[in-house]
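Biologist: I have a model open and would like to learn how to read it. Where should I start?

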Amino acid sequence: MLRSGFNRGEEIRTLLLLGWPIMVAQLAQSAIGFIDTLMAARAGANDLAAIALGSSLWLPLFLALGGILMATTPLVAHLIGAHRERRSRQVLQQAVWIALLLSLLGVLLLRNPGPVLELLQLEARLEQTTRDYLDAISWGFPAFLLYQVVRSYSEGFGKTHPVMRIAVLGMLCNIPLNYVLIFGKLGLPEMGGVGCGYASAVVMWVMLLTGIIYLMRSPRFRPLRLYRHWQRPRGGVILTFLRLGLPIGFALLIEVSMFCVLALLLAPLGETVIAANQITISYTGMIFMVPLSIAMALTIRVGQLVGAGQGDAARHAVITGVMITLTIALVSSSLSLLLAESIVGLYTDREAIIGLAAILISIAAVFQFSDALQVSAAGALRGYKDTAVPLLMVFIAYWLIGLPIGYVLGFTQWLTTPQGAAGLWYGLLIGLSVGAVLLTTRLVRIARHADVDSNSGAASVERLQH
């Protein structure tokens, strides 16, 4: 898989082979949330609202803490590139300790949502259902984080197909579990929306156990004896891990929270605007899975090449990955512009919502180029184990530039008449474009200075051991 020569067609094939299973896995995990919403809606409006509120609280927490554990991928990829596969066992074991610690934090926050729910001033029944839903899903939180370690470890080796299969298995298990627990089948009590929480928790444990069995039985991992000679927490390794992982987690939190703030700012404008905004977020989120998958493949590929000391090959991989994501953006942007109203028509038949959402999707079609560029740059930078400076760049682009400009365009007359939802999405376009420029500039600088000597690459991973 690691070669000093370069062939563009072969590199494209390598990235696509790594990326498409990741895309299927991401879509399968997203489908779990969609299935929850669809089935909870049949249980009643209160249950559906509780899941919507609960998801807006636990999902950012899951992404932020899970993002920290995503540092496992580049750390392992560097070791694989340097032909130190057995050393990766230490990364896995120390990541498990970190996951257990983060699990305690996550469960504590999910089971004590009172301060946040009180600020929302909910009806008593809705607040209690939301509390029960969060309590139910908290049972799966440790499994989710531990599975993130298993998944990231496997991806660091370039093994993405098993991750895809496990994600699809989780999605398929979620449907009957939801049915049984929401509607009280097989002699179990009818739990309504709270049943979604328990179903998701069970699915998380199923995915974790399946992942563990895979690592134990796979011919690729069995010789490494990952679960033998278990190490105690080692401060140096954990510190190295957190220096890489914390910026990833915070970057994901910044991005997710930006869309949450977007929804909150538009809430006073009425249900039509809220619905149009949600449809646009749903559609763009699904489209984003494709360049995101290539970006995650870039993290693996670049990490392995840099670990092997093949700096030139890593740079070629970066160029190829960016070309792929921009090509994907060209196709998706064109289709979005041409079929905007038809796309919205799949969600609703209300003319007012269709008209506004079509405008927002047209704006989103333009920023898909910036989005593809920034996500591929961020993925490659993780492969170079560079995450702290990109975090600062993302914060500046989104929170200091994108959202303020969006607010000015959407709700003030400082530059033009208030544009409402469109103004906020124009601000998002500007923020993503700035982020793309900053991250790409950073990537060019880092790639130019990457070690091309194999001894330097080996030395960079050796520091992880001490």
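Modeller: Start with confidence, since this is a predicted model. Among the elements of the chain, helix α17 (residues 454-462) has the lowest mean pLDDT, 42, and helix α7 (residues 141-156) has the highest, 95. The chain averages 86, and 95% of the residues score at least 70.

Biologist: Over which residues is the pLDDT below 50?

Modeller: The general idea is that where pLDDT is low, the predicted coordinates should not be read in detail. Here that applies to residues 452-461, where the pLDDT is below 50. The model does give this stretch 21 contacts beyond near neighbours in sequence.

Biologist: How do I read the course of a helix such as α10?

Modeller: Set its span beside the expected one. Helix α10 (residues 235-266) has 32 residues and reaches 45 Å from its first C-alpha to its last. That is close to the 46 Å expected at 1.5 Å a residue.

Biologist: What does the largest nonpolar core look like?

Modeller: In soluble globular proteins, nonpolar side chains tend to be buried together. In this model the largest nonpolar core has 67 residues, of which Tyr-384 and Trp-425 touch the most other members. Helices α1 (8-41), α10, α11 (271-307), α12 (311-338), α13 (340-345), α14, α15 and α16 (421-448) each supply at least two residues of this core. The largest share, 17 residues, comes from α11. Beyond its neighbours within four places in sequence, Trp-425 is in contact with several residues, including Phe-259, Asn-277, Ile-281, Leu-360 and Phe-367.

Biologist: Which residues does the second, separate core include?

Modeller: That core has 57 residues and includes Ala-25, Ile-80, Val-163 and Ala-167.

Biologist: Is Asn-174 buried or exposed?

Modeller: Asn-174, in helix α8 (residues 161-183), counts as buried because its relative accessible area is 0%. Its contacts beyond four places in sequence are Ile-32, Ile-35, Asp-36, Ala-199, Ser-200 and Val-203.

Biologist: And what of residues in loops, such as Asp-386?

Modeller: Read them by the same cut-off. Asp-386 lies in the loop between α14 (351-383) and α15 (388-411). Its relative accessible area is 12%, so Asp-386 is buried, the limit being under 20%. Leaving aside neighbours within four places, Asp-386 is in contact with Leu-244, Leu-381, Arg-442 and Ile-446. By contrast, Glu-123, in the loop between α5 (114-120) and α6 (124-138), is exposed at 63%.

Biologist: How many salt bridges does the structure hold?

Modeller: Side chains of opposite charge can pair when their charged atoms come close. The structure holds seven salt bridges. One of them joins Arg-111 and Asp-135, at 3.5 Å from N to O. This pair links distant parts of the chain: Arg-111 is in the loop between α4 (88-110) and α5, and Asp-135 is in helix α6, 24 residues away. Both count as partly exposed, Arg-111 at 34% and Asp-135 at 27%.

Biologist: How are Glu-155 and Arg-151 placed in helix α7?

Modeller: An α-helix has 3.6 residues a turn, so residues three or four places apart point the same way. Glu-155 and Arg-151 are separated by about one helical turn because they are four residues apart in helix α7. They form a salt bridge whose closest N and O atoms are 2.9 Å apart. Glu-155 is buried at 4%, and Arg-151 is buried at 4%.

Methods:
Residues numbered from 1 in each chain as written. Predicted model: local features only at pLDDT ≥ 70, side-chain atom pairs only at ≥ 80, totals over all residues. Heavy atoms only, no water. pLDDT = per-residue confidence, 0-100. Contact = heavy atoms within 4.5 Å. Expected span 1.5 Å × (residues − 1). Buried < 20%, exposed > 50% of the residue type's maximum accessible area, 1.4 Å probe, protein only. Core = buried A, V, L, I, M, F, W, Y, C linked by side-chain atoms within 4.5 Å. Salt bridge = Lys/Arg side-chain N within 4 Å of Asp/Glu carboxyl O.
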